[in-house]
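Subject: Structure handover

Hello,

Here is the structure I promised you. Please load it first, then read the notes below.

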Amino acid sequence: MVSWDKVRIPGVLQRLGVTYFTVAVLELSFLKPVPDSCTLGKKLLLSPRHHFQLAPMARHSDAGKPLAGFDILFTCPWVPYSGYLGPGGIGDLGKYPHCTGGAAGYIDRLLLGDNHLYQHPSSTVLYHTEVAYDPEGILGTINSIVMAFLGVQAGKILLYYKDQTKAILIRFAAWCFFLGLISIALTKMSANEGFIPINKNLWSISYVTTLSCFAFSILLILYPLVDVKGLWTGTPFFYPGMNSILVYVGHEVFEDYFPFQWKLADEQSHREHLIQNVVATALWVLIAYILYKKKVFWKI
């Protein structure tokens, strides 16, 4: 029986809800509305005013405050474990066994309590950690807001420069280049030696900029391929998107069962975990395809 004393407060859907709500408030509060039609000529596109305008942006700098807040909390000296980016446990030769999550983990445990966090994070398997840590915690949610805001910029570009393929691709490329430079500066192009390494569990800002850079680079390829030329429909990737909630719930329910999971020869092998996850993902894509053909869809 689930007890309120041990119910998990953060979660994937909770993070999505908070993220989209916050970005929607920012959109309604600060961003200019997109005109019904935009017929910018070549001269206007190359004018000083528009040459540097990647997309309609916030009228004030308030939209960047969540990111600044994360950086301050993550590195401030009065927060225990500040600046530590490792997994704790046996990681880093066991020097920081109870520091899982660094400042992010500390703040979650302080504000939400150990019992209301995820008790079995992925670090438990690979690094034998013993403290609760939630990958959907408070500080990581702030950075997910930044990532969603970048997604808004992509949408604004598509709407504002509708049917202007060159203008759209130039701005996608500019965002890709800009975010890539930030990632290079933060990570020093290394796995663990940069100022802020890429860390999905922490949802570090370098993770946000790197993934967003990849996203814009993929848009650079897919937009002309799918939307302009019509050479590809997006198959098979749109099948899971048509049943995203069903796939998510199904994964949560059956993740510990074969064929989605099996006993690994080496539980600490990243390669074996990767193979297992690729197989599980492929199976869910297949399931989503079958449901699509049978016209079975779950929606909220």
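Cys99 is buried, at a relative accessible area of 11%. Buried means under 20% relative accessible area, exposed means over 50%, and partly exposed is in between (1.4 Å probe, protein chains only).

Before the rest, the ground rules. This is a predicted model, so local features need pLDDT of at least 70 and side-chain atom pairs count only at pLDDT 80 or more, while totals for chains, interfaces and linings use all residues. Residues are numbered from 1 along each chain as its sequence is written, and side-chain values use heavy atoms, without hydrogens or water.

Cysteines

Overall fold
The chain has 12 helices and zero strands. Both are DSSP runs, numbered from the N terminus: helices are H or I with at least four residues, strands are E with at least two. Of the 300 residues in the chain, 38% are buried.

Record versus model
The unreviewed UniProt entry lists "transmembrane region" for residues 12-31, 138-161, 168-186, 206-225, 237-254 and 274-292. Those positions are in the numbering used here, the feature name is shortened, and annotations may be inferred rather than shown by experiment. I looked at two of these stretches. Residues 138-161 are 96% helix and 0% strand, with the end C-alpha atoms 35 Å apart. Residues 206-225 are 100% helix and 0% strand, and there the end C-alpha atoms are 29 Å apart.

Core
The largest nonpolar core has 21 residues. Such a core is a set of buried Ala, Val, Leu, Ile, Met, Phe, Trp, Tyr and Cys residues joined through side-chain atoms within 4.5 Å. Phe172 and Phe216 have the most contacts inside this core. Helices α7 (138-160), α8 (165-187) and α9 (205-228) each supply at least two of its residues. The largest share, seven residues, comes from α8.

Surface patch
Val249, Val253, Phe254, Tyr257, Val296 and Trp298 form a nonpolar surface patch of about 570 Å². Patch residues have over 30% relative accessible area and no salt bridge; nonpolar side chains (Val, Leu, Ile, Met, Phe, Trp, Tyr) are joined within 5 Å, like charges within 9 Å. A salt bridge is a side-chain nitrogen of Lys or Arg within 4 Å of a carboxyl oxygen of Asp or Glu. Areas come from the Shrake-Rupley method with a 1.4 Å probe, and for residues only the protein chains shown count as cover. Val253 sits in helix α11 (residues 244-254). Val253 is partly exposed, at 48% relative accessible area.

Backbone
Which residues are joined by cis peptide bonds? Pro236 is in the loop between α9 and α10 (238-242). Phe258 and Pro259 are another, with omega about 10 degrees. Pro259 is in the loop between α11 and α12 (270-293).

Positive phi turns up in non-glycine residues too. Asp163 has phi near 70 degrees. Asp163 lies in the loop between α7 and α8, and is exposed at 69% relative accessibility. Met189 has phi of about 55 degrees. Met189 lies in the loop between α8 and α9, and is exposed at 67%.

Best regards
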